[in-house]
Amino acid sequence: MTTKKWHVYGKVYATKYLGCFEAATSDEAESMALEANGHVSVCHQCSSEVEDPEIDWCNVEEDK
């Protein structure tokens with residue numbers, strides 16, 4: 001049996017705190033957060049190891 005070369009990619013997940021926002025709804029707060037802090041930056045070393053870092057979804061919690 002012959003072998004083949006395979007390119008394997010893994011999806012990397014992390015969490016970024018986007019801030020606390022005053023809004024009428026969680027959807028509005030999420031939109032405000034993404035507009036204000038929705039960019040993702042990585043250090044020089046990591047930038048050579050990851051491609052297209054982005055925020056995929058947000059978890060929105062009401063402040064108590």
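Is D63 buried or exposed? Keep that question in mind as you move through this model, which is predicted, and begin with the view of the whole chain.

Select the protein chain first, and you will find two helices and zero strands. Its radius of gyration is 18 Å, well over the 11 Å that the globule rule gives for 64 residues, so the chain is more spread out than a compact globule.

Now select A14, T15, K16, I55 and W57, which lie nearest the centre of the largest pocket, among the 41 residues that line it. This pocket has a volume of about 1600 Å³, and its lining divides into 21 nonpolar, eight polar and twelve charged residues. Then select the helices α1 (26–37) and α2 (44–47), each of which supplies at least two residues of that lining; the largest share, four residues, comes from α1.

Finally, move to the segment after α2, where D63 has its place. D63 has a relative accessibility of 63%, and because exposed means over 50%, D63 counts as exposed, which settles the opening question. Select T25 together with D63 and draw a line from C-alpha to C-alpha: the two residues are 38 apart in sequence and 12 Å apart in space.

How values were computed
Residues are numbered from 1 along each chain as its sequence is written. This is a predicted model: local features need pLDDT of at least 70, side-chain atom pairs count only at pLDDT 80 or more; totals for chains, interfaces and linings use all residues. Side-chain values use heavy atoms; hydrogens and water are left out. On a 1 Å grid over the protein atoms alone, a cavity is a set of points where a 1.4 Å probe fits but cannot get out, and a pocket is an open set with protein on both sides within 12 Å along at least five of seven lines; lining residues have an atom within 4 Å of a point. Grid points are joined across faces, edges and corners, and a volume is the space filled by probe spheres set on the points. Ala, Val, Leu, Ile, Met, Phe, Trp, Tyr, Cys and Pro count as nonpolar, Asp, Glu, Lys and Arg as charged, and the others, Gly among them, as polar. Buried means under 20% relative accessible area, exposed over 50%, partly exposed in between (1.4 Å probe, protein chains only). The radius of gyration is taken over C-alpha atoms; the globule rule is 2.2 Å times the number of residues to the power 0.38.
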